Structures are given as structure tokens and as C-alpha cells.
Amino acid sequence: MPMYQVKPISGSHIKTDLPTCMYKLPNIHAPQGNSYTSEHAIQNGEVDPAVKALEARQEEIMKKLYDLKAAVEGLAKTVTTPDADLDLTVSSSLSSQSPSSTTFNGISDLDTLLGKDLGALRDIVINANPAQPPLTLLVLHSVLCQRYRVLSTVHVHSSVTSVPPQLLSCLGPRHADSYARQMFQLGFTLIWKDVPKLQMKFSVQNMCPIEGEANVARFLFKLLSPYPSDPALATLVDSWVDTAFFQLAEGSAKERATVLRALNSALGSNPWLAGPEFSLADIACYCCVLQSGSASSTPTNVQRWIKSCENLGHFSPAKLFLQ
Amino acid sequence: MTKEEVQGATEEEQQAQSKKGLKKQQKEAEKAAKKAEKQAKLAAEQQSTEEDDFAKDRYGVSAMVQSQQKLDRVLVRVQDLTPENADQLIWLRARVHTSRAKGKQCFLVLRQQQFNVQALVAVGDRASKQMVKFAANITKESIVDVEALVRKVEQKIESCSQQDVELHIERIFVISQAEPRLPLQLEDAVRPDGEGEEEGRATVNQDTKLDNRVIDLRTTTSQAIFRLQSGVCQLFRDTLTKKGFVEIQTPKIISAASEGGANVFTVSYFKTSAYLAQSPQLYKQMCICADFDKVFCVGPVFRAEDSNTHRHLTEFVGLDIEMAFSYHYHEVIDSITDTMVQIFKGLRDNFQTEIQTVNKQYPSEPFKFLEPTLRLEYTEALAMLHEAGVEMGDEDDLSTPNEKLLGRLVKEKYDTDFYVLDKYPLAVRPFYTMPDPNNPKYSNSYDMFMRGEEILSGAQRVHDAQMLTDRAIHHQIDLEKIKAYIDSFRYGAPPHGGGGIGLERVCMLYLGLHNVRQTSMFPRDPKRLTP
């Protein structure tokens with residue numbers, strides 16, 4: 001029987017790189033010059049300063065090890081998500097870089113994005129119907145907060161008689177500096193109002209109101225990260241956003257099942273919906289899947305993708321909401 | 001002409017005149033005779049009719065009520081008349097709103113405040129021809145006592161507030177008669193502006209209305225306005241009492257002008273003169289220094305401003321708030337704005353009929369607000385105005401047109417008719433305003449706006465005697481005149497702030513009316529002291 005010849009999987013000479021994160025320690029067993037005096041001290045009921053130093057060193061090493069362990073656990077969570085950044089729960093010593101900045105890098109200057117400000121707070125006003133809380137926007141808001149100094153306020157319009165308390169606290173607790181509006185880069189004003197369609201107003205003079213959650217989400221996402229420059233990819237993102245809002249959120253059970261199948265096949269070849277990069281398409285689809293309540297009964301690829309999304313840590317506002 | 005000639009001429013004239021006079025007298029005598037004849041005839045007729053009037057004790061002008069007797073008769077309210085009362089015989093006291101005789105029957109509309117019901121007197125076994133005639137001749141606005149049978153109607157009566165029932169009158173007595181000529185007709189007074197011109201119907205101008213305020217106040221619109229105003233007061237008191245505020249009364253005759261010296265009425269006070277209080281501010285602040293913590297007062301405020309605008313009165317009702325706060329004057333803003341929001345909510349939820357009634361005559365968009373109230377900063381407002389093409393300096397005060405424009409811009413973006421503008425330039429505020437700790441150009445002061453018009457002006461007050469003295473010197477104010485004011489802060493004063501609202505303005509702007517005189521029951525302005 002002819003056999004296949006297989007090339008060696010690895011090169012013949014493997015050079016193991018020793019990790020650099022290990023510490024070199026001086027030999028603690030080596031006899032020390034002052035050993036005699038220390039023994040003497042112990043006899044006198046005092047702790048040897050060398051032992052003390054040793055203990056301190058050990059504690060330090062243990063702490064670093066715990067930190068490392070936590071970091072590795074965080075990494076393990078995101079190991080299935082290719083370009084994912086670290087989980088928010090990773091200990092602060094490691095994530096000194098803000099999580100968002102690893103995912104959304106690119107433009108960050110609001111002046112170039114929104115035009116020069118005239119000394120006033122750039123306030124984004126969103127009118128939303130309390131019957132349909134805009135989960136996507138809440139998620140984008142929390143990401144915006146990580147990037148910019150955002151003044152978030154929630155109001156109830158007089159056209160609405162009462163709203164559930166979780167809608168009033170959906171933008172998180174009051175910022176400690178909220179008494180001084182000038183100290184913020186961006187305003188995010190959410191008004192619960194009896195509107196047929198979600199509405200965003202930014203500059204009354206130079207911009208018409210933007211209608212629909214999908215369009216507002218596009219606007220907000222562009223403040224975080226540039227849209228793909230590849231037209232095909234940009235269109236793909238847009239098309240997924242539309243699918244999410246028109247078919248997942250508003251469609252019938254049948255339509256929803258179709259979309260879930262489409263999601264499944266798209267996620268079979270790519271880690272994220274629009275290729276290798278996490279994008280607005282993922283945010284929108286994730287929120288709509290969550291909102292439609294079908295998160296638990298999704299095909300495997302979608303399940304995996306949902307996990308990956310959750311590991312990003314951006315979606316806690318939306319999840320909090322549905323509990 | 002000589003003197004004699006003149007005399008002769010006048011004599012002739014006199015003669016001619018006397019001739020004419022004689023003729024006239026003759027004619028008049030004839031007329032009188034005719035009239036007497038007519039009257040006699042009429043009396044005879046009346047007598048003859050009275051004789052065969054079987055219902056003559058069922059109507060008439062009743063003797064003046066001098067509390068001769070205490071009847072146990074229950075009078076039903078018009079607003080309580082529903083199909084449930086059908087076929088009941090009831091007594092009712094109301095005004096004759098309109099009456100219309102048609103052959104053998106007479107339709108009356110009986111009114112009680114904003115409620116009215118249709119009533120009918122028809123010749124039958126209960127009412128005679130004469131009774132119908134009597135009912136038809138009752139002057140409008142007279143007060144009558146009526147005994148009637150409540151009847152359900154097949155077709156809704158569109159013109160009345162009680163649409164499902166009408167009254168079949170069995171007895172009718174006039175309690176108080178109105179003069180036949182009314183200075184203004186109620187239906188003219190409630191006609192919406194513009195509609196009268198189109199149909200050639202009369203409308204009543206404001207001065208006529210105010211001159212005859214008693215009649216004007218009877219209209220459904222006025223009834224609704226002042227019921228709503230009472231609601232504002234009630235809600236203001238309730239909300240603040242719930243928040244732990246104490247209502248105080250302050251003197252209105254004061255020895256020194258509180259804010260500067262201008263715009264203050266001087267009154268003679270025995271051998272010296274005194275002033276009418278422009279605001280209870282000093283006394284509010286003294287109460288804070290006296291550890292009342294949170295106070296409010298409702299009372300008249302006098303301003304000797306000779307400005308004849310739609311929103312100025314020389315006497316109005318001030319709703320004033322002052323409170324001590326812990327660390328930041330925004331605690332005061334939050335308290336005041338929440339009070340306002342509670343008032344707006346109470347009006348929206350409990351005074352919808354009144355609002356609709358006023359809207360019928362003065363259409364306006366419903367009042368919109370946000371909870372919690374929107375707070376913008378002065379620099380932001382300037383930027384918004386700048387964007388809209390208004391050029392003004394950083395430390396200039398807002399002019400009235402700019403206020404209006406800003407109101408429109410804010411409404412367009414935030415869709416609210418009520419907002420707070422914070423951090424005014426220090427230069428445009430009174431000397432007792434606390435400067436901003438971070439920027440000496442600005443101050444811890446705020447204005448509140450309704451439909452783009454200022455309704456409240458307030459600030460954190462300086463509660464330190466030394467700083468107050470410095471600020472007063474900076475404003476070139478005579479320290480002697482405000483000594484008592486400064487002295488009240490020498491013995492320890494908590495940080496505090498507050499503001500004052502004009503009741504009439506709040507009502508006017510809430511309802512979207514265009515003149516503050518409409519919401520003042522008996523308005524006082526530079527040109528009006530009566531009624």
C-alpha cells in the first residue's frame with residue numbers, strides 16, 4: 001500500500017524562547033554574610049529582617065501571580081474571539097489602557113468630526129419611546145463614555161405620564177461633575193417621549209433630525225471609529241444593521257428564523273459579521289437578538305458569536321435592561 | 001346793527017319759538033293721552049288674562065330674599081344633572097344664559113359657572129300662555145329658581161355642557177333681575193379672535209372686558225382661567241409643604257427699598273413716608289438666617305414700572321421660595337424646578353377641561369416640559385444664539401427678542417417649553433448674587449423660562465457680611481441704606497438661594513395667552529386702578 005509522505009510539521013531545529021515575564025531571583029539558599037547576627041536576633045525573639053524581606057518578596061510575587069492568573073482567565077474567555085480586547089473584569093493593573101481604545105482606534109478628535117464648537121457643549125438629543133428602549137444606543141453610549149467625557153442625562157417628556165425606573169437610570173449613575181456642563185466633551189441627552197419613531201437632534205441650525213434607531217446608531221458609531229473605507233464592506237455593515245432592525249426586531253417569527261440562519265452561515269466563515277473586525281453590524285444584531293428573546297435558541301455559530309460579544313464587555317447596559 | 005334792532009329781532013324769535021313750543025306741547029299731550037289709553041287697555045287685558053291664568057302661582061318675581069324663612073329645599077347643581085336624574089322633579093338655581101320664545105314654548109339655557117343645561121317652558125296643563133310669555137321676558141343674566149322635571153333627550157344638545165338631559169319647567173321664579181341692557185354680551189366675550197371679524201359678529205375689546213370685569217369673569221373662559229390659577233397656587237403650596245417648606249407672611253409696607261431705589265411705590269406713613277415691597281426677598285433671607293431652613297410665601301408684590309407691555313403689572317402675586325442648601329446651589333434649582341414640574345403635571349392631569357375651555361377661545365399648543373428640567377448654561381445659550389446669527393457680547397444680558405429666539409431654539413432641539421438658564425454673567429445681576437468660584441465673570445445665578453419668557457430670576461445669595469459689603473461697594477450702593485440687610489448676615493448665616501415667580505405670568509404662559517391682564521383678576525397697570 002502506498003503511503004503518503006508528510007512534511008515534518010515543525011522545523012527540525014526548535015528554539016524555545018524563554019518567556020520574558022519570569023523573574024530572575026538571587027539564590028536565597030546561598031549563605032549570607034550576616035547569617036550569624038540574624039540567628040542571634042532570632043534568639044532574642046526578634047524577626048530576622050532578611051526573613052521579613054523574603055516574606056514581602058514572596059507576597060509581591062504571589063500578588064503578581066494572582067494578577068497574571070486573572071489576566072489569563074480574561075484572555076481565556078476571549079480566546080475564541082480573534083481581535084477581542086480584554087474583558088472589563090480583568091484587574092486594573094493590566095488594563096491600564098481603556099478597553100475601548102483597543103477595539104475602536106482611529107479618529108478621536110470631536111472637532112474634526114462634529115465641527116468646531118463655539119464654547120457650548122455638543123449635545124446629542126435622542127427622543128425615544130419608552131415602549132421601545134433603544135438598546136443599541138445604550139450600548140454605544142457606554143462605549144462613548146469610555147472614549148470621551150460624556151455628560152449623560154435622562155429626561156421624561158410631558159407627553160409620557162410615567163416610565164419604569166430602570167429607564168430613568170439606563171445611562172448609569174450621575175457623573176460627579178455634572179453640575180458643570182462645560183467640563184464635558186459631549187452631551188448625551190435621552191428624552192423618553194411619545195414619538196412614533198426614535199429621533200436624534202444634534203445641531204438644529206445645520207442638521208436635520210435623524211430618524212430611526214439604525215441611523216442614529218450609525219451616527220454614534222462614527223464618533224467612535226471610522227466606517228470601513230472599503231465600499232463593499234461598508235455596505236455589508238449597513239445591510240446587516242438594516243436586517244437587524246427591520247427583520248430581527250420588527251419581523252415575524254419566520255423572518256427572525258431566516259435571519260438567524262443567515263447569521264449562522266455568515267459567522268461560519270468569519271469571526272464577526274462584517275469580516276475580521278468587530279463593527280456596528282455586530283452591535284446591532286446582538287442587541288436585536290437579545291431583544292427578540294431568541295438568544296438561547298440560536299444555531300451554533302451564532303451561539304459562539306454571542307459569547308464573543310458578551311466577552312467584549314460592551315453590552316452590559318443592554319443586558320442589565322432585559323433582566 | 002343797533003341795540004334796538006337786536007332786541008326786536010330777538011323778540012320775534014322768541015315769539016316764533018313759543019309758537020313752536022305750543023305746538024310741541026299739544027302734540028306731547030296727545031301722545032300722553034294715547035299712551036295712557038294704551039296702558040289702560042293693556043292693564044285691562046292683563047287683568048282679563050290674569051283672571052283666566054290657571055298657572056299664576058307657578059311663576060313670578062319672588063320677594064327679595066331677606067332670609068325670611070329657611071327652606072329645606074335641596075337645590076341640584078347643574079353639573080350633577082345626568083340621565084340618572086331622569087324623570088325626577090328637582091329644584092335648581094341658575095342664571096338665565098339665553099332665552100328664545102317660539103310660539104307656545106320658550107327655550108331657556110340655564111347656566112351655573114361653566115355648566116349649562118337647556119330648559120323648556122311649554123303651554124300645557126302645567127304652564128299657561130302667560131307663564132311662557134313671562135319666561136321669555138326674563139332678562140339675560142337674571143338669577144332664577146326653577147322647579148323642573150329632568151328628561152332624557154334623544155339627540156344630544158350640542159350647545160350645552162349637559163348634553164343628555166333637558167329640564168321641563170313647572171315653576172319659575174326670578175330671584176334677582178339683571179338690567180335688560182348688558183354692557184357686554186357673554187357670547188361675544190368668549191368668541192375667538194378673528195372669528196368675529198369673518199362673520200361680522202361682535203367681539204369685545206379688552207378694556208371693555210376689564211371695565212366690566214364682573215360680567216367678563218362669568219364667561220367660561222374666565223372661569224377656567226381662574227380655576228386653573230387657583231390650582232397653580234394649591235399645587236405650589238402642596239408641593240412645597242410636602243418638601244418640608246414653611247409658609248411665611250412678610251410685611252408689604254417697608255422702610256427702605258429692597259432692590260436699589262427705582263421702581264418702588266412711595267406711600268405716606270404718618271409723618272414720614274414708606275415703600276411698598278418690591279419683593280419679599282429681604283424677609284425670606286432673614287427667615288433663613290433665623291433657621292427656618294426652607295420657606296415660601298405667596299403674596300402681592302408691587303413694582304412702580306411705567307411699562308405698558310403685555311407682561312408687566314404694577315401689582316401682582318409673587319410665589320417666592322428661599323432655602324438653605326448643603327453644598328451646591330443646584331440643590332435650590334432642583335427644588336424649584338421640581339416644584340414647577342409638579343405644578344405642570346398637576347395641571348396636565350387635573351385641569352384638562354379648563355385647559356380645553358381656554359383653548360377654545362385662545363388656541364395654543366399644549367405646554368410641554370421635561371422631568372427633570374433641562375438646565376443649560378449661559379455660554380451655551382450664547383453659542384446657540386451665535387449659531388443662529390445673533391451677535392452679542394459675552395457679558396451682555398439677554399434682550400427680550402433674544403430670549404424669545406432662544407426659547408424657540410431650545411424648543412426645537414429639546415421640545416420643552418420650560419428650562420433653566422444657569423450661570424449668568426455677574427455684571428448683569430444684583431449685588432447680592434454669589435460670584436462663580438471658578439470664573440469671576442460669571443455668577444451662581446439662574447433664570448427660568450416658560451415659552452421663551454422669563455418667569456423666575458434667582459441666585460445663590462451672598463451670605464457673608466464682608467463679601468456683601470465688598471459687592472455693594474463695587475456696585476456703588478450707599479452702604480447706609482442697606483445696613484439692616486448686611487447686618488442680618490453678621491450672626492452666622494447658612495448658604496442659601498431662592499427665587500420668585502409671578503403667578504399671573506405662569507398662568508398666562510402655561511395657557512399660551514398673550515396678555516397678563518387676562519390672568520389677573522383685577523389687574524393693576526400704569527393706566528388702570530379700577531375696578
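Here is a short chat about reading a predicted model with chains A and B.

Colleague: Let's start with chain A. How many helices and strands does chain A have?

Modeller: Chain A has 12 helices and 5 strands. Of its 323 residues, 32% are buried. If you take contacts in chain A between residues at least 6 apart in sequence, 72% join residues at least 24 apart.

Colleague: On to where the chains touch. How many residues does the contact take from chain A and from chain B?

Modeller: Chain A puts in 16 residues and chain B 23 residues. On the chain A side, strand β2 (residues 150-157) gives the largest share, 3 residues. That side of chain A splits into 8 nonpolar, 6 polar and 2 charged residues.

Colleague: And which strand of chain B does β2(A) pair with?

Modeller: That's β13(B), residues 370-371, and the pairing is antiparallel, over 2 bridges. For one bridge, look at Val156(A), whose partner in β13(B) is Glu371(B).

Colleague: Now helix packing. What describes two packed helices?

Modeller: You use the angle between their axes plus the distance between those axes.

Colleague: Which residues of α11(B) and α12(B) meet?

Modeller: From α11(B) you have Ala381(B), Met384(B) and Leu385(B), and they meet Asn402(B), Leu405(B), Leu406(B) and Leu409(B) of α12(B). Sorted by type, this contact has 6 nonpolar residues, 1 polar and no charged.

Definitions and conventions. Residues are numbered from 1 along each chain as its sequence is written. Chains are lettered from A and ligands numbered from 1 in the order in which they are written. This is a predicted model: local features need pLDDT of at least 70, side-chain atom pairs count only at pLDDT 80 or more; totals for chains, interfaces and linings use all residues. Two residues are in contact if their C-beta atoms, placed from the backbone, lie within 7 Å. Helices (H or I, at least four residues) and strands (E, at least two) are DSSP runs, numbered from the N terminus. Ala, Val, Leu, Ile, Met, Phe, Trp, Tyr, Cys and Pro count as nonpolar, Asp, Glu, Lys and Arg as charged, and the others, Gly among them, as polar. Two strands pair if DSSP finds at least two bridges between them. A residue is buried if 20 or more other C-beta atoms lie within 10 Å of its own, exposed if 12 or fewer, and partly exposed in between; C-beta atoms are placed from the backbone.
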